[in-house]
Amino acid sequence: KYRALLSKAIKLDSANRTPYLELCNSLLSEFSLTQNKDMLEEALDLIDQGEAFTETSEDFVIVQTNVFQADGQLRRAIESLNTFLTKKPSSVRVRERLIEAHLDADDFEKAVAVTSEGVLQNPTSAVWHQKLGDLYHRAIDDRAKAAQCYLDALALEPSIQLVYRLDTVTKTDQI
């Protein structure tokens, strides 16, 4: 009933992105539970119908990415996120999702590049410095680069959490 009502809402007002988002999320949730390809196909069709929202809506681009990724179209998902980020480079959520997508594709260098761009977009925020440090620490265990990123973040916004991360990353049994 819920999906039928959302479909009806889309027919009544195709300019409203909320029913598209809710219906895609519902279909994607059911697909993840049942692995019923029909749900995924319907979500893909819905994404195509709402293509106009990809230029203006972070939420839509993220849902679109989730649908593409569930269908195994990781490159297409990354392209969609890149396109949106090119138009709106200050979008934190899309940048974070793009980093995740690059990591899912085992492309660490691109994940670092996107995170570094986040540092350039907002150099006074410790968040991107910390994320970059997390990438260096967890993805390739480069403790020196991670420590430098955490120090940069600590200089901008001191916190106990950052001190703990710095402490953790600098403890080693190496000479």
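Asp141 and Arg143 join their side chains in a salt bridge, with 3.4 Å from N to O. In this predicted model, Asp141 is partly exposed at a relative accessible area of 44%, and Arg143 is partly exposed too, at 28%.

Another of them brings together the side chains of Arg76 and Asp48, at 3.7 Å from N to O. Arg76 belongs to helix H5 (residues 74–87) and Asp48 to helix H3 (residues 37–49), so this contact ties together parts that lie 28 residues apart in sequence. Both ends are partly exposed, Arg76 with a relative accessible area of 36% and Asp48 with 42%.

Now turn to Asp134 and Arg165, whose closest N and O atoms are 2.5 Å apart in a salt bridge. Since Asp134 sits in helix H8 and Arg165 in helix H10 (residues 160–170), the pair ties together parts 31 residues apart in sequence. Are these two residues buried or exposed? Both Asp134 and Arg165 are buried. For a linked set, look at Glu58, Asp59 and Arg93, which are connected in a network of salt bridges.

Asp134 also leads us to the largest pocket, where it is one of the lining residues, along with others including Glu96, Thr115 and Arg138. This pocket holds about 180 Å³ of space. Helix H6 (92–104) and helix H8 (126–139) are the elements that each give two or more residues to its lining, and H8 supplies the largest share, five residues. By class, the lining has five charged, four nonpolar and one polar residue.

Terms used: Residues numbered from 1 in each chain as written. Predicted model: local features only at pLDDT ≥ 70, side-chain atom pairs only at ≥ 80, totals over all residues. Heavy atoms only, no water. 1 Å grid on protein atoms, 1.4 Å probe; cavity = no way out; pocket = protein on both sides within 12 Å on 5 of 7 lines; lining within 4 Å. Points joined across faces, edges and corners; volume = space filled by probe spheres on them. Helix = DSSP H or I, 4+ residues; strand = E, 2+ residues; numbered from the N terminus. Nonpolar A, V, L, I, M, F, W, Y, C, P; charged D, E, K, R; others polar. Salt bridge = Lys/Arg side-chain N within 4 Å of Asp/Glu carboxyl O. Buried < 20%, exposed > 50% of the residue type's maximum accessible area, 1.4 Å probe, protein only.
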